[in-house]
Amino acid sequence: MAVAIRLSRGGAKKRPYYRIVVSDSRAPRDGKYLEQIGTYNPLLAKDNPERVKLNEDRARHWLSVGAKPSDRVHRFLDAAGILEREARNNPNKGKPGEKAVERAEEKAEKAKEAEEAAKAAEEAAAEAPAEEAAPEEAAAEAPAEEAVGEEGGEEKPES
């Protein structure tokens with residue numbers, strides 16, 4: 001029988017309380033267990049000694065007969081000085097996922113396109129004033145002709 005040292009949840013909704021138990025590894029998490037060797041109350045402050053209570057003698061006994069601690073219990077045993085735990089290093093943990101990378105690439109692509117469009121608009125605006133100068137000269141001459149035409153139109157209703 002494979003024996004595990006793990007947490008068994010108790011308490012109420014949003015108010016967890018755990019027992020540190022030794023149980024058959026195939027048993028349900030909150031099911032039957034062989035022995036309770038401690039408690040864990042995550043609601044207490046981290047520096048509170050009541051947060052993790054552990055019967056060290058029983059924990060050493062179960063470890064000596066081959067019980068495997070869960071990751072969380074392994075941390076408790078390491079903190080108590082019962083069992084050494086290697087520090088883990090996962091360099092990929094902080095990297096964004098595939099979809100986040102895709103979204104970032106799409107966003108960068110859109111920004112690049114918008115920047116190119118803005119540059120093209122600036123260049124077109126720089127070229128346009130030279131072209132617009134000629135139509136302004138033509139427009140300056142046109143109002144004089146229109147003014148003559150308007151004067152002629154106004155005279156008709158008066159007579």
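The legends below walk through several close-up views of this predicted model.

Residues are counted from 1 along each chain as its sequence is written, and side-chain values rest on heavy atoms, with hydrogens and water left out. As this is a predicted model, local features need pLDDT of at least 70 and side-chain atom pairs count only at pLDDT 80 or more, while totals for chains, interfaces and linings use all residues.

**View 1. The protein chain, with three helices and five strands.** Let us start with the overall layout. Helices (H or I, at least four residues) and strands (E, at least two) are DSSP runs, numbered from the N terminus. Along the sequence they come in the order β-β-β-β-α-β-α-α. Of the 159 residues in the protein chain, 20% are buried. Here buried means under 20% relative accessible area, exposed over 50%, and partly exposed in between, with a 1.4 Å probe and protein chains only; the areas come from the Shrake-Rupley method, and for residues only the protein chains shown count as cover.

**View 2. Y18, Y40 and F76 are linked by ring pairs into a cluster.** Searching the whole structure gives two aromatic pairs. Rings of Phe, Tyr and Trp (its six-membered ring) pair if their centres lie within 6.5 Å; planes under 30 degrees apart count as stacked, over 60 as edge-to-face and the rest as tilted. Y18 and Y40 are stacked, at 5.8 Å centre to centre with 25° between the planes. Because Y18 sits in strand 2 (residues 15–24) and Y40 in strand 3 (residues 35–40), this pair ties together parts 22 residues apart in sequence. Y40 also pairs with F76, this time tilted, at 4.7 Å centre to centre and 50° between the planes. F76 belongs to helix 2 (residues 71–80) and Y40 to strand 3, so the pair ties together parts 36 residues apart in sequence. Y18 and Y40 are both buried, and F76 is buried as well.

**View 3. E35 and R58 form a salt bridge between distant parts of the chain.** A salt bridge is a side-chain nitrogen of Lys or Arg within 4 Å of a carboxyl oxygen of Asp or Glu, and the structure holds eight of them. In this one, the closest N and O atoms are 2.8 Å apart. E35 is in strand 3 and R58 in helix 1 (residues 56–64), 23 residues apart. E35 is buried at 19% relative accessible area, whereas R58 is partly exposed at 28%.

**View 4. Two salt bridges lie within helices, R60 with E56 and D71 with R75.** In helix 1, R60 and E56 are four residues apart, about one turn of the helix, and their closest N and O atoms are 4.0 Å apart. R60 is partly exposed at 41% relative accessible area, as is E56 at 36%. In helix 2, D71 and R75 are likewise four residues apart, about one turn, with 3.6 Å between the closest N and O atoms. D71 is partly exposed at 34%, and R75 is partly exposed at 36%. Salt bridges with shared partners join D71, R75, R85 and R88 into one network.

**View 5. A patch of negative charge on the surface gathers E98, E102, E105, E106, E109, E113, E115 and E116.** One of these residues, E116, lies in helix 3 (residues 98–158). Charged patches like this are made of residues with over 30% relative accessible area and no salt bridge, like charges being joined within 9 Å. Lys and Arg count as positive and Asp and Glu as negative, leaving out His and the chain ends; the place of a charge is taken as NZ of Lys, CZ of Arg, CG of Asp or CD of Glu.

Notes: Patches are made of residues with over 30% relative accessible area and no salt bridge: like charges are joined within 9 Å, nonpolar side chains (Val, Leu, Ile, Met, Phe, Trp, Tyr) within 5 Å. Accessible areas come from the Shrake-Rupley method with a 1.4 Å probe; for residues, only the protein chains shown count as cover.
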